[in-house]
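Q: I'm new to this structure, and I'd like a close look at just one part of it. Could you pick the place where strands pair up, go through it slowly, and then tell me what surrounds it?

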Amino acid sequence: LSAEDVKFLEPNVDSCGGIYSPSTGIVDSHAFMLAMLGDAENSGAVLAVNCPVEGGSISNGTDRGILLKAGGMELFCDEVVNCGGLFA
């Protein structure tokens, strides 16, 4: 759903979008995350787990993007999603 659709259904929720499940509130979260990972990887994304971020910077030069230092590597990214969990 778009953010506007979510706001129409639930006026007190601010979001960038949502998932509508009219018959149940139960979702197989593991299968859902695997499907999203597959879509992301098909679009060129890479998942890095157990990879502590040690630093980073934003490049404003000709190669615009984000340079992350993580897990002993340097990663140049267009976008970064930080999924820190409960004990992150």
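A: What follows is a walk through the strands, and then through the rest of the chain.

A few ground rules come before the tour. This is a predicted model, in which local features need a pLDDT of at least 70 and side-chain atom pairs count only at pLDDT 80 or more, while totals for chains, interfaces and linings use all residues. Residues are numbered from 1 along each chain as its sequence is written, and side-chain values use heavy atoms, leaving out hydrogens and water.

To get your bearings, the chain has 2 helices and 3 strands. These are DSSP runs numbered from the N terminus, with helices being H or I over at least four residues and strands being E over at least two. Reading from the N terminus, the order is α-α-β-β-β.

Now for the strands. Strand 1 covers 53–59, and it pairs with strand 2 in the antiparallel sense over 6 bridges. Pairing here takes at least two bridges found by DSSP between the strands. The two form a hairpin with 5 residues between them. You can follow the pairing partner by partner: Gly 55 bridges to Lys 69 in strand 2, and Ser 59 bridges to Gly 65, also in strand 2.

Strand 2 (residues 65–70) then joins strand 3 (residues 73–77) through 5 bridges, again antiparallel. Here Leu 67 has Phe 76 as its bridge partner in strand 3, and Ala 70 has Met 73. This second hairpin has 2 residues between its strands, and in it Gly 71 takes a positive phi near 55 degrees.

How covered up is all this? Strand 1 lies largely in the open, because 0 of its 7 residues are buried. Buried means under 20% relative accessible area, exposed means over 50%, and partly exposed is in between (1.4 Å probe, protein chains only). In contrast, Cys 77 is buried, at a relative accessible area of 15%.

That cysteine is worth a stop. The structure holds 0 disulfides, a disulfide being a pair of cysteine sulfur atoms within 2.5 Å. The cysteine sulfur closest to that of Cys 51 belongs to Cys 77, but it is 10 Å away, too far for a bond.

Most residues other than glycine have a negative phi. Asn 50 counts as exposed, at 79% relative accessibility. Further back, just after helix 2, Gly 44 also has a positive phi, of about 105 degrees.

Ser 23 counts as exposed at 71% relative accessibility, as does Tyr 20 at 53%. Setting aside its neighbours within four places in sequence, Tyr 20 is in contact with Leu 1 and Leu 9, where contact means heavy atoms within 4.5 Å. From C-alpha to C-alpha, Tyr 20 and Leu 9 are 9.9 Å apart, with 11 residues of sequence separation. Ser 23 and Asn 42, 19 residues apart in sequence, are 30 Å apart by the C-alpha to C-alpha distance.

Finally, step back to the chain as a whole. Its C-alpha atoms fill a box of roughly 45 × 30 × 30 Å along the principal axes. Buried residues make up 6% of the 88 residues. Of the contacts between residues at least 6 apart in sequence, 0% join residues at least 24 apart. The chain exposes about 7600 Å², with carbon and sulfur atoms supplying 57% of that; such areas come from the Shrake-Rupley method with a 1.4 Å probe, and for residues only the protein chains shown count as cover.
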